[in-house]
Amino acid sequence: MAEGAVPRFWREIPQRYNLIGNKCNECEKVFFPPRESCPECRRKSMGKMKDFKLSGEGEVLTYTIIYEASEKFEGQAPYPLAIIQLKEGPKITAQIVDCDIEDVKIGMKLKSTFRKIQDDGYVGAIYYGYKFKKRN
Amino acid sequence: MVNIGIVSYGAYIPRFRIKSSDIAKAWGKDPKTITGGLGIIEKSVPSLDQDVATISVESARSALSRCSINPQDIGAIYVGSESHPYAVKPTGTIVAEAVCATPNLTVADYEFACKAGTAAIQTCMALVKSDMIKYGVAIGADTAQAAPGDALEYAASAGGAAFIIGKENVIATINQTCSFTTDTPDFWRREGRKYPAHGGRFTGAPAYFRHITSNAKNLMELTGTKPEDYTFAIFHQPNGKFPVRVAKMLGFTPEQVKQGLLCPVIGNTYSGATMLGLASVLDVAKPSDRVFLTSYGSGAGSDAFDITITDTINQLEKKKAPLVSELIDDKEYVDYATYAKYRDLLYWE
Amino acid sequence: MRDVAVIGVGITKFGELWDKSFRQLIAEAGSQAIIDSGISGKEIDALYVGSMSAGRFVGQEHVGALVADASGFSQMHIPSIRVESACASGGLAVRQGYFSVASGMNDIVVIGGIEKMTDVVGTEASNILATGLDQEWEAFFGATFPGIYAMIATRHMHDFGTTREQLAQVAVKNHANGALNPYAQFKREMKLESILNAPMVASPLGMLDCSPVSDGAATLILCAAEKAKKYTDKPVKIIGSGQASDTLPLHGRNDICTFESTTYAARMAYKQANIEPSKIDVAEVHDCFTIAEILAIEDLGFVKKGDGGKAIDNKITTLDGKIPINPSGGLKAKGHPVGATGVAQIAEIVLQLRGEADKRQVKDAKIGLTHNVGASGASCVVNILEAM
């Protein structure tokens with residue numbers, strides 16, 4: 001990621017903090033991150049995409065334990081990373097926290113939580129966003 | 001008269017713990033003397049991806065999930081902490097955005113050592129009372145710093161709680177509040193420094209004990225109450241011993257103090273300490289229970305509150321968010337090396 | 001559209017080439033191909049160069065001009081075009097050059113592929129490779145390039161019973177082939193135990209399930225087929241070419257275990273070549289990770305979806321198997337200088353179809369296929385070649 005460029009993070013705050021996706025009012029399909037138009041309805045969906053807040057509930061579709069991380073994440077390694085099937089339809093990639101790495105399984109139920117994702121060193125901005133944790 | 005008070009609340013404690021005995025061992029101290037002397041068995045430790053902003057957001061979201069208020073009706077958010085992630089750039093803005101309360105509200109960060117959270121409650125009360133806002137969110141949270149090897153290292157921990165203050169559907173009425181403030185340099189952190197410094201035993205009698213006892217007596221005088229009128233009493237808890245001793249000095253029993261005394265199992269969460277104590281009390285309190293709360297912040301000051309639980313507490317959907325006891329029980333221990341990594345105590349180039 | 005043939009190939013050694021710069025590498029591969037083809041520099045109509053991230057790896061953009069200059073064509077002022085599609089940049093450069101000759105605009109073009117990856121330190125090479133992922137919605141949240149492929153592996157194991165050993169066997173096979181390739185970065189065999197016991201990178205993938213960081217360049221000379229015999233006795237014709245795209249992040253796909261960019265690109269190439277997958281005698285596929293080869297042989301139609309792991313057990317992909325895969329050693333053993341890979345794959349197939357692959361020669365190879373994937377499958381190029 002390019003460092004120090006705050007607008008790039010700032011404009012995604014609704015998505016990263018609150019999982020704001022959008023919905024095609026033609027076919028009801030939900031997207032995250034939001035799309036300019038629906039890839040299914042295309043022209044018909046233009047002007048009919050409405051903001052839609054996802055619940056943050058979902059389950060593990062697949063996962064890995066990252067042992068060799070990029071420098072922004074290496075203090076946290078080993079950490080689980082998963083593709084999560086959200087209940088409203090979209091899938092997203094995120095870290096799983098507050099759980100033993102041995103416990104991560106396909107199908108595990110999750111909910112979103114608010115964490116620090118990365119920062120631009122000791123001097124730069126701090127970027128927050130979603131991670132996921134176990135849901136009973 | 002309009003009842004101003006707590007509409008909802010939420011708490012958050014990071015999952016990691018380190019035992020006092022493990023810290024003692026790292027520094028060649030006798031674990032038994034340390035644990036016994038401070039009355040702290042273990043303390044919470046934030047992971048690398050947690051700070052005051054994330055703890056505040058988790059607590060505020062928990063508070064909102066338990067009631068049905070519209071986040072857009074929140075007119076103010078104040079976050080009290082002495083470990084804000086930014087020196088300049090308010091934590092409260094991050095919280096406001098994360099609970100969907102932006103943009104029509106006022107936000108500010110507070111710092112008053114361990115009492116910045118209760119100061120936030122007082123501000124919200126005033127704004128609600130004057131009809132400047134409908135709801136205010138007062139948060140006290142810290143990921144407290146302690147220099148490696150310092151006595152503070154056994155106590156300085158992480159956690160926080162958020163209270164929604166309003167005058168509709170109040171679960172606990174705040175009958176009265178008062179403060180006691182002097183210039184007493186018992187503990188401080190200079191601008192730009194990573195760790196705080198303190199006056200050792202000077203933090204006791206002239207600081208903690210004088211301010212709390214004076215303010216507590218003032219409050220009881222104002223309200224015309226006596227210690228036995230209260231079901232629960234919460235005092236600031238820099239260690240496991242001070243709050244018990246100050247309670248005794250004022251005439252409260254250990255039974256009254258017990259539910260709000262968390263320091264022995266989570267450490268001193270600084271701005272979060274009395275706030276989490278109050279959250280723990282609200283977890284179990286019943287209508288008409290009366291709660292006495294006195295915070296203390298070094299430097300120094302104390303805020304005291306006289307609170308009465310209302311019938312509305314039975315309607316609060318407490319199960320929508322974790323109880324303090326559940327947060328305490330959900331834990332994973334780390335050793336000192338991991339703690340050092342998480343708390344950024346290691347230096348390399 | 002007219003037929004196009006490869007009339008010359010050039011390839012540098014792949015590896016950690018500390019003493020060679022970006023421009024030295026491309027010039028070395030380029031002159032080899034020109035010598036191999038017998039053309040003269042003056043006959044070249046255009047250059048196409050595949051490079052994923054010269055800007056990040058060596059701090060140099062404007063790669064088209066640089067390559068023309070480094071190759072000694074600055075005074076001829078010929079057009080030079082840089083092509084980028086992450087790790088499929090090389091394969092795509094070939095396809096773009098192929099179009100230009102097939103269209104009749106050009107008669108002879110030089111295709112280059114290059115990456116100089118060892119002029120960065122620490123985790124920078126991994127960070128640069130991860131720019132092929134979705135930076136905002138994957139990498140930002142802690143995804144690494146191996147991590148994305150590892151998630152495919154986890155799901156493949158879950159859905160089809162693919163085993164950790166089967167993944168490792170892909171590396172064992174490709175190292176056995178690489179041991180026979182003088183240009184390979186790792187000219188040595190690897191034991192199954194070594195692969196299995198290597199440190200974890202992203203479970204279930206260990207360090208030896210991953211292709212290495214490499215320097216290297218490869219080049220081809222493409223020529224209108226009707227003129228090819230003028231230069232060589234053994235031209236190799238491009239009989240099919242396909243390219244397809246997919247969602248940038250893996251999580252956007254319908255099926256985590258299928259690269260639809262591969263299935264669509266392959267369908268396009270097979271249709272143009274008018275052949276079935278069973279007609280392919282040899283293939284160079286994109287094994288940036290061991291799981292990627294298993295996925296590739298399924299998505300290219302060599303085996304049924306889910307049978308990729310078993311194919312390894314049944315040895316159908318070895319040099320003497322039913323469908324020999326990656327005789328060069330693949331990305332895994334030959335090395336993976338990303339921009340060079342797609343071009344080097346074709347160079348290998350050309351050598352195989354000419355019968356010049358020496359110890360790693362696949363017997364009676366007439367039709368060969370190359371499969372070049374961009375990052376985690378958001379793009380893919382498939383080319384099919386046949387000896388003329």
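**Domain and chain interfaces in the predicted model**

Between them, domain 1 and domain 2 of chain C bury about 2,900 Å², with carbon and sulfur atoms giving 68% of it; buried area is the accessible area (1.4 Å probe) that two parts lose on being put together, summed over both. In domain 1 of chain C, the residues that lose the most area to domain 2 of chain C are C:F14, C:C87 and C:R95, which together make up 24% of what that side buries. The structure is a predicted model, in which local features need pLDDT of at least 70 and side-chain atom pairs count only at pLDDT 80 or more, while totals for chains, interfaces and linings use all residues. Residues are numbered from 1 along each chain as its sequence is written, chains are lettered from A in the order in which they are written, and side-chain values use heavy atoms, with hydrogens and water left out.

Domain 1 of chain C comprises 4-122 + 214-228, and domain 2 comprises 129-183 + 238-387; these bounds come from an automatic or database domain assignment. The C-alpha centres of the two domains lie 22 Å apart. The contact (heavy atoms within 4.5 Å) takes 41 residues from domain 1 of chain C and 36 residues from domain 2 of chain C. Across this interface the rule finds 1 salt bridge, defined as a side-chain nitrogen of Lys or Arg within 4 Å of a carboxyl oxygen of Asp or Glu. A salt bridge is formed by C:R354 with C:D36, whose closest N and O atoms are 2.8 Å apart.

A further interface joins chain A and chain C. Here 34 residues of chain A are in contact with 27 residues of chain C. The area buried between these chains is about 2,800 Å², and carbon and sulfur atoms give 60% of it. The count of salt bridges between chain A and chain C is 2. A:R16 forms a salt bridge with C:E136, the closest N and O atoms being 3.2 Å apart.

In chain B, B:A147 is placed in the loop between β6 (135-143) and β7 (158-166); strands (E, at least two residues) are DSSP runs, numbered from the N terminus. B:A147 counts as buried because its relative accessibility is 19%, the term meaning under 20% relative accessible area (1.4 Å probe, protein chains only). Residues up to four places away in sequence not being counted, B:A147 touches B:E153 and B:Y195. The C-alpha atoms of B:A147 and B:L345 are separated by 8.4 Å, although these residues are 198 residues apart along the chain.

Technical notes:
Helices (H or I, at least four residues) and strands (E, at least two) are DSSP runs, numbered from the N terminus. Buried means under 20% relative accessible area, exposed over 50%, partly exposed in between (1.4 Å probe, protein chains only).
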